[in-house]
Amino acid sequence: MITNFVLSSLLAGAVVSLLHAIRVEDRTLEVISKTAASVTFVALGWVRWSAGETVGGWLLAGLALCALGDVLLVGKRTFDPGLLAFLLGHVFYTLGFCAALPVGNWPLAATLPLVVAAIAAIRWMWPHLGHRRSTVTVYIVVISIMVWGGLSTWWLGALPWTAAVGALLFYLSDLAVARHRFVHPAFINRAIGLPLYYAGQLLIALTIGT
């Protein structure tokens, strides 16, 4: 419990520092703060994981891939590798949810709002995506499946609420990233998206070992 509190507090502090760095356009502090925040949620997942725990192993691998994606997105020329790292992170989260509850048991009813949301997101971004239309479409499909898994494992009692809320917060944060990257760059996108993102990763890390 103490370790959870300490690492969660460090993560919160790093996110505050990250937002400040972005606001004052301090690139060095931004890189340091973002890296620190991402390393911290991986560390939290690591200390909660027990060797041989399948669900936790998949989730921890997903956290590590997302942390790699965070580092890659810092660079202006590494957006696509970063997107791929996040895509693989979502795949690993989904595999973790499958390990907790076989996909055949996931309620189909939960897919309806996710399909509607995915179609709306694609239509909203489509005019702005350029050559990344197919890549982003695949990404949205994969993250929607991941959210379906998080909701399903919580709804049927296979995992705690942290899995569902963590997945949803991640999804919402990606909408803010998409708006900033493709539609309208503005500080407000990051002011909303980054806390949502790191809160989501924190909750997924806290799902490990439950």
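## Nonpolar core

A nonpolar core is a set of buried Ala, Val, Leu, Ile, Met, Phe, Trp, Tyr and Cys residues joined through side-chain atoms within 4.5 Å. Buried means under 20% relative accessible area, exposed over 50%, and partly exposed in between (1.4 Å probe, protein chains only). This is a predicted model: local features need pLDDT of at least 70, side-chain atom pairs count only at pLDDT 80 or more, and totals for chains, interfaces and linings use all residues. Residues are numbered from 1 along each chain as its sequence is written, and side-chain values use heavy atoms, without hydrogens and water.

The largest nonpolar core has 54 residues. Phe41, Leu63, Tyr93, Phe170 and Tyr198 have the most contacts inside it. H6 gives the largest share of this core, 8 residues. Helices here are DSSP runs (H or I, at least four residues), numbered from the N terminus.

## Around Leu63

Contact means heavy atoms within 4.5 Å. Beyond its neighbours within four places in sequence, Leu63 touches Phe41, Val42, Gly45, Tyr93, Gln201, Ile204, Ala205 and Ile208.

## Cysteines

The whole structure holds 0 disulfides (pairs of cysteine sulfur atoms within 2.5 Å). For Cys66, the nearest cysteine sulfur is that of Cys98, 16 Å away. Cys66 is buried, at 0% relative accessibility. Cys98 is partly exposed, at 25%.

Note on methods
Helix = DSSP H or I, 4+ residues; strand = E, 2+ residues; numbered from the N terminus.
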